[in-house]
Amino acid sequence: MSPELWDVTGAGHVFETFEGKQSLYLFRSRANLKTEVEFLNGIIEYDIFVTERRGFPGVRFRIQDAGNFEEFYIRPHQSGNPDANQYTPVFNGLTGWQLYYGSRYAAPVTYKMNAWNHIKLVIVNSEAEVYINDMEQPALYIAELKRDPASGSIGFNGGGPSPFHVADLKITKVGNPVLKSKRTPMPDLEEGVIRSWQVSNSFPEKKVDGVFQLGRDQKQGLTWENIDSEFPGYANLARFAKINAQNNTTFAKVIITSDKEQVRKLTYGFSDRVRVYLNDKILAGGNDRFTSRDYRFLGTMGYFDEVYLPLKKGKNELWVAVTENFGGWAVMARFDNQEGIKVD
């Protein structure tokens, strides 16, 4: 952890000897290796000093630029709980922990408090394992790293309100490291799930605030990109749309072709706020942002809402305006069945 090897930005940092180790102390800061290691596959190991203070310190790898990389971090204040840690991809500067939660992306680990803890990541193509301290078997198997595999640099993120120390970084490049886990692929999408969306560029939420009928003002100047849905149906909008202080909303749309006039139930999820339009008329809205219901509400998404679509015979346009605060920008939807309808 020599100062000349690191480029550090943020609120504060110190290179110092701490609890017997030459370490880097980070407070709401990021540290990037100055040397481009071009890491693709192999092993990343480091020690982190853990206290019970709330924080989200972690390692970033395969860094493409400041807003695009893979990340694994720990939640020391959740020691022993199912969300004691987190894997998330970062697209265009936006993490996705409200999408990627549960046993595929986090594991219950009890940390040694006021002590050094050893973290080891074994990474091969689109899979990874995480070992913590003296584990013989991995705490977490990640069946699908969400970003396309690409060589990149390595760094640390001092996320959250508390500082932390990191030491003894070791990077071992291995072309095809051995994984101990039973290598199980991600399941296929269920029948009825909308499998891809057309996603627009981002724009200010005020463009759709109070709008009950979409018109030229909302539709002009849009560009579109196709985004495939991930299991169990997430379309991660941050793969294309970019968020900033001005632009925090995007449209996701599909064409539903119905063989007759009918009403069909659509079950859907979103993060963080939504407005649902069918043939330009608003049908539903919602707000599931972090702490919007109570101080413990995380804003994680799933198939928690439903809307009834009055489909006309022929083509119907479903437009969903999704607004992001932080933690994940996505939409998902499914029909109980698709008899008599076609979704494009």
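**Pockets and their linings**

Reply: The residues lining the largest pocket comprise 15 nonpolar, 15 polar and six charged. Here Ala, Val, Leu, Ile, Met, Phe, Trp, Tyr, Cys and Pro count as nonpolar, Asp, Glu, Lys and Arg as charged, and the others, Gly among them, as polar. The model is predicted: local features need pLDDT of at least 70, side-chain atom pairs count only at pLDDT 80 or more, and totals for chains, interfaces and linings use all residues. Residues are numbered from 1 along each chain as its sequence is written, and side-chain values use heavy atoms, with hydrogens and water left out.

Me: What volume does the largest pocket have?

Reply: A pocket is an open set of points on a 1 Å grid over the protein atoms alone, where a 1.4 Å probe fits, with protein on both sides within 12 Å along at least five of seven lines; lining residues have an atom within 4 Å of a point. Volume is the space filled by probe spheres set on the points, which are joined across faces, edges and corners. For the largest pocket this is about 820 Å³.

Me: Which residues lie nearest the centre of the largest pocket?

Reply: Of its 36 lining residues, Phe56, Tyr73, Arg75, Trp97 and Phe326 do. Among the strands (DSSP runs of E, at least two residues, numbered from the N terminus), β6 contributes the most to this lining, with three residues.

Me: Which element gives the most to the lining of the second largest pocket?

Reply: That is β4, with four residues. This pocket has a volume of about 180 Å³, and its lining divides into three nonpolar, four polar and five charged residues.
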